[in-house]
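I opened this model to look up a handful of local features and to write down what I found for each. The entries are kept in the order in which I went through them.

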Amino acid sequence: MPEPINIVFLGTGAAVPSPKRHQAAILLHYGGDYLLFDCGEGTQLQMEKAKVSPMKLKRIFISHWHADHFAGLLPLIETLHLSRRKEPLEVYGPEASRFIDALVELSYWGVGFKIIAKDCGEKDFEKICEGENYEVFAIKVKHSVPAVGFMFKEKDNWKID
């Protein structure tokens, strides 16, 4: 039987946050994996309200590098460092290596865990990662900066007798 897919909308607002609508962030929980799609300002507080530890995050997907979609990433990385995270964290996005390198460079001492930047968006449509029972695809979209949409797909799971 397929796993339930739990989606928590942590932020659905635009560039300027408001008390009722935070900047873009969507948390997807499937099986044992927690995936974060975009990480706008205030994402950690919204995760706390949702009672999900940021230590559970396995992968983060940034659709594009406008601040309202990634401004929460630096404080999130710092929290993971201060919480003594050891597991690697994968971050996907167009030109992800450029931006992740810049964010890590802001720390005097670096972070105590590996951040694996995965560039995507060069192709119109590409599978960028997979878990045991799912795949994630990046779809190039038109925007003022390089940008992608993400598609989460359950792997086929037919059991016919």
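This is a predicted model: local features need pLDDT of at least 70, side-chain atom pairs count only at pLDDT 80 or more; totals for chains, interfaces and linings use all residues.

**Entry: helix H4**

I began with helix H4, residues 96–105, and asked which of its residues are buried. I found Ala96, Phe99, Ile100 and Leu103 to be the buried ones, and because they cover an arc of only 95° around the axis, they sit on the same side of H4. I set beside this the general point that an α-helix has 3.6 residues a turn, so residues three or four places apart point the same way. Turning to the other side of H4, I noted that Arg98, Asp101 and Glu105 are exposed. I then looked for what covers the buried residues of H4, and the cover includes helix H3 (73–82), strand S5 (89–93) and strand S6 (115–119). I also checked Ala102, which is found in helix H4 and counts as partly exposed, with 43% relative accessibility. From the C-alpha atom of Ala102 to that of Thr12, 90 residues away along the chain, I have a separation of 26 Å.

**Entry: helix H3 and what follows it**

H3 is followed by Arg84, which is found in the loop between H3 and S5. The phi of Arg84 is positive, near 65°, in a residue other than glycine, and at 64% relative accessibility Arg84 counts as exposed.

**Entry: Lys51**

I recorded a positive phi for Lys51 as well, near 60°, again in a residue other than glycine. Lys51 lies in the loop between helix H1 (43–49) and strand S4 (57–61), and I have it down as exposed, at 73% relative accessibility.

**Entry: cysteines**

How many disulfides are there? The count comes to zero, taking a pair of sulfur atoms within 2.5 Å as the requirement. For Cys39, which is in no disulfide, the nearest cysteine sulfur is that of Cys120, 16 Å away. The sulfur of Cys120 has its closest cysteine sulfur in Cys129, at 9.2 Å, which is too far for a bond. I also looked up accessibility, and Cys39 counts as buried at 0%, while Cys120 counts as buried at 3%.

**Entry: salt bridges**

A search of the whole structure gave me seven salt bridges.

I looked at the pair of Asp33 and Lys58, whose closest N and O atoms are 3.6 Å apart. Asp33 lies in strand S3 (residues 33–37) and Lys58 in strand S4, so the pair ties together parts that are 25 residues apart in sequence. Asp33 counts as buried at 13% relative accessibility, whereas Lys58 counts as partly exposed at 34%.

I went on to Lys127 and Glu130, whose side chains meet in a salt bridge at 3.0 Å, N to O. Lys127 is partly exposed, with a relative accessible area of 42%, and Glu130 is partly exposed, with 36%. I noted too that Lys127 and Glu130 are linked with Glu135 and Lys155 in a network of salt bridges.

Lys153 forms a salt bridge with Asp156, and there I have the closest N and O atoms 3.9 Å apart. Lys153 is partly exposed, at 30% relative accessible area, while Asp156 counts as exposed, at 65%.

I looked at Phe9 in particular, which is found in strand S1 (residues 5–11) and is exposed, with a relative accessible area of 56%.

Key:
Residues are numbered from 1 along each chain as its sequence is written. Side-chain values use heavy atoms; hydrogens and water are left out. Buried means under 20% relative accessible area, exposed over 50%, partly exposed in between (1.4 Å probe, protein chains only). Helices (H or I, at least four residues) and strands (E, at least two) are DSSP runs, numbered from the N terminus. The arc is that of the directions from the helix axis to the C-beta atoms. Contact means heavy atoms within 4.5 Å. A salt bridge is a side-chain nitrogen of Lys or Arg within 4 Å of a carboxyl oxygen of Asp or Glu.
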